[in-house]
Amino acid sequence: PSTRPQPPDIGSCVFRAMASVAAASALRRLAAPRPAASLFRGFATTLKTKSAPPETPLMHYTATQQATSSINHRIFYVNVVAMVLVVDLGSSMLDV
């Protein structure tokens, strides 16, 4: 029985080729000189607009009477739904 060399597996050939391409790409990216100042100069200013609209930070927020009434109105309906669920579940468990 003679031992002939086996042909290389196609999967391993493809994997090796992809690995070498990725390594070459990474080396090119690392070798390219880039000044640090130019990286941050255009950050968030490429569209010549502000990155976010100015808003009141929560630590400086003072609720108006209308906002407080709106919040209380919403919480009231959450409480009504919760009470209906409690009564419905309680009556179904107690069979009253």
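Now look at the ring of Y77. The structure holds 1 aromatic pair, and F76 and Y77 form it in an edge-to-face arrangement. Their centres are 5.3 Å apart, with 70° between the planes.

## A nonpolar patch

Next, find V81, L85, L89, M93 and L94, which make a nonpolar surface patch of about 560 Å². One of these residues, L85, sits in helix α3. With a relative accessibility of 49%, L85 counts as partly exposed.

## The chain as a whole

Step back and you can trace the pattern α-α-α along the sequence. The protein chain has 3 helices and 0 strands. How much of the chain is buried? Buried residues account for 1% of its 96 residues. The chain exposes about 9,600 Å², and 68% of that area comes from carbon and sulfur atoms.

## How confident is the prediction?

The mean pLDDT of the protein chain is 78, and 69% of its residues reach 70 or more. Which element has the highest mean pLDDT? Helix α3 (residues 65-94) does, at 93, while helix α2 (residues 36-41) has the lowest, at 58.

Key. Residues numbered from 1 in each chain as written. Predicted model: local features only at pLDDT ≥ 70, side-chain atom pairs only at ≥ 80, totals over all residues. Heavy atoms only, no water. pLDDT = per-residue confidence, 0-100. Helix = DSSP H or I, 4+ residues; strand = E, 2+ residues; numbered from the N terminus. Phe/Tyr/Trp six-rings, centres within 6.5 Å; stacked < 30°, edge-to-face > 60°. Patch = residues over 30% accessible without salt bridge, like charges linked within 9 Å, V, L, I, M, F, W, Y side chains within 5 Å. Areas by Shrake-Rupley, 256 points an atom, 1.4 Å probe, with all protein chains shown as cover. Salt bridge = Lys/Arg side-chain N within 4 Å of Asp/Glu carboxyl O. Buried < 20%, exposed > 50% of the residue type's maximum accessible area, 1.4 Å probe, protein only.
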